[in-house]
Amino acid sequence: MSTAISGIRLTCVKRPWCNNMSSELRFTATTQTEHLHARYTGTGHADMTKYDWLTHQHRDTCASIVGHFPLSLYLAIGDNESIGRVKFEMTERMLQPCGPPPEKDDD
Amino acid sequence: MHLYHLTLQPPTCINQAVVGNFSGTRQQEIMVSRGSRLELLRPDAHGKVTTILAQDAFGSIRALAAFRLTGGTKDYAILGSDSGRIVILEYEPKTNTFNKLHQETFGKSGARRIVPGQYLAIDPKGRAVMIGAMEKAKLVYILNRDAAANLTISSPLEAHKNHAIIHHIVAVDVGFENPMYAALEVDYTEPDRDPTGEAFHNAEKMLTFYELDLGLNHVVRKWSEPTDPRANLLVQVPGGQSASSNKFDGPSGVLVCCEDHIIYRHMDHEQHRVPIPHREHPLRDKERGLIIVSAVMHKMKGAFFFLLQSEEGDLYKVTIDHEDEEVKSLKIKYFDTVPVSSSLCILKSGFLFFGMSDASMPLPTAFFKPRSLENLVLVDELESLNPIVDGRVSNLLEAAGETPQIFTACGRGPRSTFRMLRHGLEAEESVSSDLPGIPNAVWTTKLREDDTYDSYIILSFVNGTLVLSIGETIEEVSDTGFLSSAPTLAVQQIGNDALLQVHPHGIRHVLADRRVNEWKVPPGKTIVSATTNKRQVIVALSSAELVYFELDLEGQLNEYQDRKAMGSTVLTMSVAEVPEGRQRTPYLVRVSGHLSEKFYSLSNDFRLSVALTAPPSAICIAEMLDASIDKNRPTLFVNIGLTNGVLLRTVLDPVQGSLTDTRTRFLGTRPVRLIRVAVHGSPSILALSSRSWLNYTHQNLLHFTPLIFESLDHAWSFSAELCPDGLIGIAGSVLRIFQIPKLGQKLKQESMPLLYTPRKFISHPTNKLFYLIESDHRTLGPDVAQKRLEDLAASGKSVDQDMLDPGPEVFGRPKAESGQWASCIRIIDPVQWKSLPPIHFTRNEAAFSLAIVPFNERGGELHLVVGTARDTFLAPRSCTTGVLRRTSSQTKGARCSTETDDVPLALMGFRGRLLAGVGKALRIYDIGKKKLLRKCENKNFASAIVTLNTQGSRIIVGDAQDSLHYCVYKPPENRLLIFADDTSPRLDYVDFAAGDKFGNIFLNRLPPNVTPLVDEDPTGAGILHEKTVLMGAPHKTRLLAHFHIGDIVTSLQRVALVPGGREVLLYTGLTGSVGLLVPFVSKEDTDFMTTLEQHMRTEGIGGQGAGGQSIVGRDQMSYRGYYVPVKAAVDGDLCERFAWLPAARQAAIASELDRTVGEVLKKLEGLRVTASGL
């Protein structure tokens, strides 16, 4: 378990924009995309900023760690914390995983 | 190449547990989820827990809840999983199966952020269930009964809240008012918009109550109030009025467990707050808060209390003083300390069940001292391997016929262990005593049919018989009516109260009043073989005649006048037990002098023959239950043991009288002896050769497992007051009484305690030794702890010695701040099963890797190199200095340490030098006079190197993020070059055939044209200047096979588990699983198993379509292809479910495959046995 030292490492677990939006939807039903975005949190869009994308990725990853028992156990062993603590800190981290958002450009 | 995946040992962790009356009787049972497996456990009156049913879920079970409809007596289970479905299960005690009552789809599969399945909350009256996701989604299903009293489930009602992260959901006990749920939520809308970060700091954690309006059929947000920002867990508080007395069961509401305190909250009520007591350890990290990780509420008549467990393992008892619905005060008291659990259950009989997710156990603070258990007594412990951190297979014990042992480093913190797993059933010896001579057989017998325990032990010697009576002591008796001057051939308790002894010259029928009726063999003949049951006796004479006796209704033993001439001497024979309520059994099997087995029925003759490869030495006919053949009735099995140590097992078809489905197995080097015994009350067969094997029924399926015990010459059942369910055996001149405590546990564990979490271990190339490194983060090393204590004493603070005394095994070690490490290295002798005292690393140094390197410079002398680092932080990874410590195993005192700039995470001997992965760099070191000297380096890796492997001059590097890289070392130019890598990014590799931290196993191969290119390039200049592809190495590996096992692979090894068998890939998983990947030998096998797998996938339980075989409703194919589609791998666990299918479905599938059911089952067993022997 030397790998445990690479400890809490956040990674891309899935690509949210690969949701099963069928191709016709993507090209024709622009009116529906907004509805879809509201429905499937984490779905990407053309105007997405790097910050948004990263935040979604991190939230997905944290949720995945909490949802997969072996993953939370893995982190718990590496960091010598209880699994309950790892899950709690991961859920806490979902609030703002990548720090505050960047200042909006006015242009 | 196609692989067949088999689980040898399913995961042993417990991540969820609920208690309930799942059978519908008064007996309480515990349902536990072991990650990807659901198990039903039943505690007996003494608290001993037995597994009744275990089933693979082919999905991960994330939440588990039990409920009961009002007025019902039976509990149902609800499962939240990664299947995007909610499933309600019923346990059917008659057939011992889980029935899926409902399976409702609500979302996509996978453990996603907004797909419910993480949280389950059920109304205490069983009227509705809320299933929640990590964010936003919450669905409520209403549960009810229809006119026929069947359980019904409504369509889902949404209680979503956008942009809300959910920490926990619990049902509020409101009696029979509208069901209510409490959720801990945080809204991230504002923090996501506010660049100043202020909104983030002001984000409030809301405690929100949702009410399900049963009249209007919708869910409303009833009440929402901010609570402590560090709240993590909600606990239900009893409420509602009892129907009879109008008295309130409790104040209702919830306990909000936060860091360092607990708050009682209820809608429109005053809140009450108590701090969580801390341990008073002088060395604890004062900055650190304490959270509650699991909780249980226990309700008795008119009272209730809570047990909460902190992350350090301390249990607190919380009580609430209330007057009707008004809470007066909240009290918290330290209760006891037990290992940290993931679930707590209290049984009505007063037993507390801990589902331990791992074997960790940290310690108590500020206001109390931990002490040994006062309120609790440990009743039973279920062995768990979880977590397995590293594993290795080799055959170090040299006992004959021993299969390779699996060595694992398990556990974490002070409860870590080093374990050895051996294939076989554990046998617990209770008595062993020396005998005057060497007996050749042993029996036990009761005196009367209805006795509970045995009274006599009969030992047969070459020239006599010894009878021992079982009482307070075991002593010889002489007035039993048995003939003591001749050896004995058979002993039987016959009729109501008589005994029977068969000796070479006759049969003695000893009546209850010690009168003896004797039948004498005609002069010149002797009895060569005898077989008996409760009513029948058959003896074979030396003149090749069979004489048949049967007990009549008066208890007289009558000879059947017609003696059967056999033509040749009978070698061995066996008669079945008399079926319940019958006078006789019609079946006798016997083997005559020539090499064929003949089958002979007592009522009407019919002969059968089975081809035998060697002379038979024993035969045994027994009725045993095997659900794969017949679900309702026991099947009649004929077992034939041969002199060459092979056992044949065939099934006797009672209708046609034919022998079908012959299976063979090699047991050992000695002729096989077979004995029918009772183990745990059910008929079993003991097969004795150079190893002893037991053939028994466990969870309705037949198993055949060796005993880990001395080889026996003869054995029999043994039942006495002290050992009610034992066996008695003779080994040489020693009499041994033993029992088999855990049926079904095919891997026996032996364990040795360790100090800290094991990280890695390696075996010595020549000696039978293991080197193991252990290190714990957030723990003070002994020298640092000592110094801090001295500092405390120097600054005038008193140090409470009581706090330092309790052993870390019980209370754990005090949690220190991040960046503090305790670490040691030790040498283990697995043959003697002992360890040398560990050597501690000092000055906050922790070991991360080790290797034994033969340095060419020193003539191949072996050196142990340990990679350590000082003041290491995990995220982001940093250390003040890495150290490579070298010690010679031959020359004493020759040691040196070399400093490096990063943590050395992987070490390996390579061409007489040391190859090291130091952070992101791959280096070659050679031995120098004082230090190791860096010879060569490649820094083109994107992330830390975590594993190394080699084939000749080729090196396979696994790094923490980018999968595998193939490197080659070119000595003339002294270059390390990457020439190929993998296309898909992954994390944390273990080996070449590799596993990643998402639970996948895969095999990669280089395209065949690359090998000559790389090997023929002498300097590597070609590789160096080749064009890169996909921003990586010039060549890419090809994926050969891919399979998701649902557990993180911690070690992989290519090994042959069966003597002379094929090599298989054995893996150990973090949550305690052990499994195999077996390459198929032929195309035929591959096609057959793939087709069978396909059929099994579409097979539903109760006609429920997709995900039918999975109790969580997960589609097996999508589970096994969780991250990457399954490739070239067949799921053996799914195929083995074939045995559980109803007979009609089995027949249908088998006919699709153009085989018989027996052939399919034989193929499945064959694959398992040839690959693993298990």
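Trainee: How many residues does helix 3 of chain A have, and how far does helix 3 reach from its first C-alpha to its last?
Mentor: Helix 3 of chain A has 18 residues and reaches 25 Å, close to the 26 Å expected at 1.5 Å a residue. The expected span is 1.5 Å times one less than the number of residues. Helices here are DSSP runs of H or I with at least four residues, strands are runs of E with at least two, and both are numbered from the N terminus.

Trainee: What should I know about the model and the numbering before going on?
Mentor: This is a predicted model, where local features need pLDDT of at least 70, side-chain atom pairs count only at pLDDT 80 or more, and totals for chains, interfaces and linings use all residues. Residues are numbered from 1 along each chain as its sequence is written, chains are lettered from A and ligands numbered from 1 in the order in which they are written, and side-chain values use heavy atoms, with hydrogens and water left out.

Trainee: Back to helix 3 of chain A. How many of its 18 residues are buried?
Mentor: 14 of the 18 are buried, so helix 3 of chain A is largely enclosed by the rest of the structure. Buried means under 20% relative accessible area, exposed means over 50%, and partly exposed is in between, with a 1.4 Å probe and protein chains only.

Trainee: And chain A overall, how many helices and strands?
Mentor: Chain A has five helices and zero strands, giving the pattern α-α-α-α-α along the sequence. Of its 107 residues, 55% count as buried. Among contacts in chain A with a separation of 6 or more, 67% come from residues 24 or more positions apart. Contact means heavy atoms within 4.5 Å.

Trainee: At what angle do helix 3 and helix 4 of chain A cross?
Mentor: Their axes come within 5 Å and cross at roughly 95 degrees, helix 4 being residues 69-79. That makes helix 3 of chain A roughly perpendicular to helix 4 of chain A. Ser64(A), Ile65(A), Val66(A) and Gly67(A) of helix 3 make the contact with Phe69(A), Leu71(A), Ser72(A) and Leu75(A) of helix 4. By class, that contact has five nonpolar, three polar and no charged residues.

Trainee: What are the rules behind those words?
Mentor: Axes are lines fitted to C-alpha atoms, for helices over the stretch in contact, and angles run from 0 to 180 degrees between N-to-C directions. Under 35 degrees counts as roughly parallel, over 145 as roughly antiparallel, 65 to 115 as roughly perpendicular and the rest as oblique. Ala, Val, Leu, Ile, Met, Phe, Trp, Tyr, Cys and Pro count as nonpolar, Asp, Glu, Lys and Arg as charged, and the others, Gly among them, as polar.

Trainee: Then helix 3 and helix 5 of chain A: at what angle do their axes cross?
Mentor: Helix 3 (residues 50-67) and helix 5 (residues 83-93) of chain A cross at roughly 160 degrees, and their axes come within 9 Å. That makes helix 3 of chain A roughly antiparallel to helix 5 of chain A. Cys62(A), Ile65(A) and Val66(A) in helix 3 meet Lys87(A), Met90(A), Thr91(A) and Arg93(A) in helix 5. That contact of helix 3 with helix 5 has four nonpolar, one polar and two charged residues.

Trainee: Switching to chain B. How many residues does helix 8 have?
Mentor: Helix 8 of chain B (residues 1083-1098) has 16 residues and reaches 23 Å, close to the 22 Å expected. Its buried residues include Phe1088(B), Met1089(B) and Leu1092(B). The axes of helix 8 and helix 12 of chain B come within 12 Å and cross at roughly 115 degrees. That makes helix 8 of chain B roughly perpendicular to helix 12 of chain B.

Trainee: Which residues meet there, in helix 8 and helix 12 of chain B?
Mentor: Asp1085(B), Phe1088(B), Met1089(B) and Leu1092(B) in helix 8 meet Val1160(B), Lys1163(B), Leu1164(B) and Leu1167(B) in helix 12. They divide into six nonpolar, no polar and two charged.

Trainee: One more: is Gln1116(B) buried or exposed?
Mentor: Gln1116(B) counts as buried, at 5% relative accessibility. Gln1116(B) sits in helix 9 of chain B. Leaving aside neighbours within four places in sequence, Gln1116(B) is in contact with Phe58(B), Glu1093(B), Arg1097(B), Asp1131(B) and Leu1134(B).
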